[in-house]
Amino acid sequence: MEFSRRHVRAQVIKTVSVLVVVALLSLRGAESRRARIQQGGSLEYKAISCRSHSASLTDFGGVADGKTSNTKAFQAAIDKLSQYASDGGAQLYIPAGKWLTGSFSLTSHFTLYLHKDAVLLASQDMNEFPALKPLPSYGRGRDAAAGRYTSLIFGTNLTDVVVTGDNGTIDGQGAFWWQNFHRGKLKYTRPYLIELMFSDQVQISNLTLLNSPSWNVHPVYSSNILVQGITIIAPVKSPNTDGINPDSCTNVRIEDCYIVSGDDCIAVKSGWDEYGIAFGWPTKQLIIRRLTCISPYSAAIALGSEMSGGIQDVRAEDIVAIQTESAVRIKTAIGRGAYVKDIYVKRMSLHTMKWVFLMSGNYKAHPDNKYDPNALPVIQGINYRDVVAENVTVAGRLEGISGDPFTGICMSNVTIGMASKAKKMSWRCSDVAGITSGVTPPPCDLLADQGPKKVTTCDFPEDTLPIDMVEFKQCSYRMSYV
Ligand SMILES: *[C@@H]1O[C@H](CO)[C@@H](O)[C@H](O)[C@H]1NC(C)=O
Ligand SMILES: *[C@@H]1O[C@H](CO)[C@@H](O)[C@H](O)[C@H]1NC(C)=O
Ligand SMILES: *[C@@H]1O[C@H](CO)[C@@H](O)[C@H](O)[C@H]1NC(C)=O
Ligand SMILES: *[C@@H]1O[C@H](CO)[C@@H](O)[C@H](O)[C@H]1NC(C)=O
Ligand SMILES: *[C@@H]1O[C@H](CO)[C@@H](O)[C@H](O)[C@H]1NC(C)=O
């Protein structure tokens, strides 16, 4: 991990006062300057890097009336601040207020900071979201074959980017997009709230994301990603409002998130069928900790269904799911190829679930009919331990692929309390192999219990991943803008 340690706090404090004055002189008249400095306060937050320069969106003509589009103000501010990338970086401060905006793009060595009462409102003018080509690992858009509307907050080919706040809000105003989606009126795939492509060293923290048009947070083809302290809320029947989707990413840490959504709270992906196989970027070294999920029609954590670049070394712990369809689910199909392997899950507390364990080898959606019917996914080494569940309809529904069984499944210390209206058969298994130990109700024969003489504890790695060594710095600014 090589997060820059050059710009430490002392240095920042020394240079910021000078730079703020310089910035103000160039941006504002003397009158307002005096007023603003008198109102000045300080801002403290934790980030992977602190910045030497700062400005407020109001310096670039931003208007917080919830009606005026701020797309140009955002882009002008970020274009200007990008000039400081090699001089300690810059932060853009978003004060309290309602800021309507279309899509804008971030820059490197940059922090976007939202005040706790700042609300970014996504525009409902589709022209404010320019079209991008489909992702190369997907071959087509998911809503429409053509391209995709650029995400509200977008970045590509960046290094060292922070999007944070004191729990400030990004509101996607998704109802407009959901309606257009249901009516089949979209030319392109709906925008996400935050998407970073081909980027390294990214922090997304302490924000509330509401009503995304589609997925909420989508790091793709990226590495060294920290997502922390995010609250995500969307109606439980809203279409495809996945929470956080690490997609062809390495070294990702997602922790302390609370997600209520209409689709998977976290969906781990890596491309779709022949396009994902050809692109070949796996998602690996992923940590998920202290997730609370409510998603009545989807999973707390889904692996797939687009997994054609492979998914490996996922470590999930301390997962709470309430009224959620399933816990850690595997979704795949013939034609996906690649693998889902070395998956480790421990300490799940589950309340009112349709299925605790769910694996589906027949998740059929394909990008087109050019997929290779011989591209069989390898599903291997899936470990669950220390699980307590209550009010469950079916304990496990595990369906591998005929001629391509899912193997190395391990479950230990699992106590499932069945609902009074539970199905008679607690487990349904086909084309799977593995072992269980201390699992109630007793699992299917394909996952036979080891018995009291051979108690097993399923694996969970003890080594530390590089993303866990990243430390936050205490960033501190005297803002003249608060
Ligand atoms: C997020 O906020 C919490 C408290 O609300 C704080 O303890 C934590 O340090 C913050 N984390 C980041 C990365 O900003
Ligand atoms: C971003 O990086 C990718 C992968 O290295 C490269 O293919 C692409 O051309 C780059 N895009 C831009 C806009 O620089
Ligand atoms: C952030 O705001 C959301 C929405 O108002 C709230 O539910 C959540 O508890 C807040 N989180 C923190 C850490 O204050
Ligand atoms: C079994 O799991 C429960 C719940 O996570 C935990 O409290 C308990 O310590 C575990 N038992 C063993 C023997 O690990
Ligand atoms: C149990 O689950 C059912 C749905 O399957 C739900 O209607 C009921 O309220 C739940 N009971 C409790 C005690 O949570």
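Of the 482 residues of the chain, what percentage count as buried? Which residues of helix 4 are buried?

Tutor: The model is predicted, so local features need pLDDT of at least 70 and side-chain atom pairs count only at pLDDT 80 or more, while totals for chains, interfaces and linings use all residues. Residues are numbered from 1 along each chain as its sequence is written, and chains are lettered from A and ligands numbered from 1 in the order in which they are written.

Of the 482 residues, 55% count as buried; that term requires 20 or more other C-beta atoms within 10 Å of a residue's own, with 12 or fewer making it exposed, anything in between partly exposed, and C-beta atoms placed from the backbone. The chain has 5 helices and 29 strands, which are DSSP runs numbered from the N terminus (helices H or I, at least four residues; strands E, at least two).

Helix 4 covers residues 175-182, and in it Trp177, Trp178 and Phe181 are buried. Viewed down the axis of helix 4, the buried residues fall within an arc of 100°, so they line one face of the helix. That arc is taken over the directions from the helix axis to the C-beta atoms. As background, an α-helix has 3.6 residues a turn, so residues three or four places apart point the same way. Just after helix 4 comes Gly184, with a positive phi of about 65°.

Strand 11 (residues 153-156) is joined to strand 14 (residues 194-197) by 4 bridges, and the two run parallel. Here two strands pair if DSSP finds at least two bridges between them. Phe154 stands opposite Glu195 in strand 14. The open sheet consists of 4 strands in the order 6-11-14-16, with parallel pairing. Strand 6 (104-105) and strand 16 (217-220) are at the edges with a single partner strand each, so one side of each has no neighbour in the sheet.

For contrast, Glu390 lies in strand 25 (residues 378-399). Glu390 is partly exposed because 14 other C-beta atoms lie within 10 Å. From C-alpha to C-alpha, Glu390 is 33 Å from Ile204, and the two are 186 residues apart in sequence.

As for the whole, the C-alpha atoms fill a box of roughly 80 × 50 × 40 Å along the principal axes.
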